[in-house]
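Keep the structure open as you read.

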Amino acid sequence: MSAGPLRRPVPRPAPTSNRQFAILLAAEGISMLGSRITFVALPWLVLTSTDSALLAGVAGFAEMLPYVLSGLIGGPIVDRVGPRPTAVAADTASVLAVAGIPIFAFYQHTSLTVLILLIALAGALRGFGDAAKRALLPRTIAAAGVSTERGTTLYDGVARASTLIGLPLAGLLIAALGPSTVLLFDAATFGVAALLIGALVRVGAADAAACDEQREQGYAAALRNGFRYVRSDRLILGVMSLLFVTNMFDQAYATVFIPVWVRDGPHGPAALGVVGTAFGLGAVAGNILYTVFATRLPRRLTFGICFFLGGPAQLLALAFTDRVWVVLATAAISGALMSTVNPILLAAVYRRIPVHMHGRVISVLISVSWAGIPLGGVLGGWATDVLGLQTAALLAAIGYLAVTAAPFVFPAWQALDRTDPVPQAVAPA
């Protein structure tokens with residue numbers, strides 16, 4: 001009996017390559033958990049230290065503005081130095097910057113200006129570190145032999161799980177230990193992340209093409225090329241425009257519509273956290289399902305349907321009902337649907353950008369996309385004061401539906417279903 005033709009064994013990635021991807025996910029999970037806790041602890045520390053809600057808001061602004069700007073201007077640095085060394089250096093410096101905030105706040109006569117500057121420094125360093133890790137992610141995914149969709153889905157799942165655990169944990173830790181101790185915990189998480197990536201991740205060194213380009217053209221030209229690349233790619237430009245608008249509506253929902261709905265209804269302050277928890281539980285469940293089925297689903301259709309239904313659903317619930325169970329159920333379903341959005345977008349973006357330009361192009365994309373966040377709170381508050389909550393939420397839902405129809409209307413979005421060869425260069429400015 002014939003044994004049949006001999007088959008060449010299919011090579012499998014080395015265990016160390018698989019471990020590097022798992023280590024990056026672990027480092028990110030630990031670091032994100034600390035950052036989510038700080039998201040609650042930092043404004044509380046400033047509020048209790050100064051007894052000023054305005055200064056607590058200023059502290060949040062002082063952290064986020066440098067975060068966005070450093071991520072943008074740090075893109076060429078990530079490409080030149082390499083994402084792994086940049087991530088390790090930024091996280092190591094973040095240990096000192098974050099730990100310095102409660103240490104300086106401990107002294108009653110510490111200048112508020114010094115405290116705000118430390119907060120801004122911590123935000124800038126975290127922006128550099130996050131930009132580097134986003135550029136490091138596709139390299140570890142490739143080294144592990146995991147599909148891009150599955151790798152980005154796992155990464156997004158870690159982020160969502162960190163949020164789900166970190167926000168309620170922050171309240172417990174602050175109550176038990178105080179905000180200063182909690183911030184020291186966040187500083188320690190940066191140290192653990194730096195140690196894990198520095199000692200155990202081997203991919204992500206400086207790219208020769210990026211080094212040669214910046215030696216020949218300089219930093220400014222490299223940054224301009226990042227903007228030029230975004231403008232030249234219609235899919236990436238469409239992604240950036242879509243996220244700018246939807247981030248604006250999401251921020252209005254989270255920071256204005258939900259608090260007003262709680263204040264004006266019979267639900268009590270506990271509903272503030274319960275709505276976010278419902279969304280988080282749905283998102284984690286949806287992420288697990290999408291991890292299993294990601295490679296079998298059509299990307300554009302899945303993205304379009306889930307974004308079109310999941311994004312406006314929570315806004316429509318606020319516009320038409322004050323029943324808590326309806327809002328919570330809608331939040332959970334919305335979280336499950338929206339859990340597919342980031343993995344599909346990340347996978348498409350990573351496939352389309354040359355490796356040596358990951359840092360600057362992704363930084364431009366994320367910085368512009370996040371620019372809608374501060375606008376959302378302002379516009380949402382104005383619309384609620386002038387039109388009322390139900391009308392404002394309904395108008396936001398209509399706007400959400402209009403922009404999320406783009407993947408079904410514009411041909412550029414068909415590229416989500418294609419696996420195009422990654423271009424190797426961009427024309428110099």
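Is T189 buried or exposed? T189 is buried, with a relative accessible area of 5% (buried means under 20%, exposed over 50%, with a 1.4 Å probe and protein chains only). This is a predicted model, in which local features need pLDDT of at least 70 and side-chain atom pairs count only at pLDDT 80 or more, while totals for chains, interfaces and linings use all residues. Residues are numbered from 1 along each chain as its sequence is written, and side-chain values use heavy atoms, leaving out hydrogens and water.

T189 lies in helix α7 and touches I30, S31 and G34, not counting residues up to four places away in sequence (contact means heavy atoms within 4.5 Å).

Now for the helix pairs (helices are DSSP runs of H or I, at least four residues, numbered from the N terminus).

| Pair | Axis separation | Angle |
|---|---|---|
| α4 (residues 83-106) and α7 | within 8 Å | roughly 165° |
| α10 (residues 234-264) and α16 (residues 372-387) | 7 Å | about 50° |

Axes are lines fitted to C-alpha atoms over the stretch in contact, and angles run from 0 to 180 degrees between N-to-C directions. α10 is therefore oblique to α16, whereas α4 and α7 are roughly antiparallel (under 35 degrees is roughly parallel, over 145 roughly antiparallel, 65 to 115 roughly perpendicular, the rest oblique).

Among the residues joining α4 to α7 are R84 and D91 of α4 and D186 of α7. By class, that contact has 13 nonpolar, five polar and three charged residues (Asp, Glu, Lys and Arg count as charged; Ala, Val, Leu, Ile, Met, Phe, Trp, Tyr, Cys and Pro as nonpolar; the others, Gly among them, as polar).

Notes:
Helix = DSSP H or I, 4+ residues; strand = E, 2+ residues; numbered from the N terminus.
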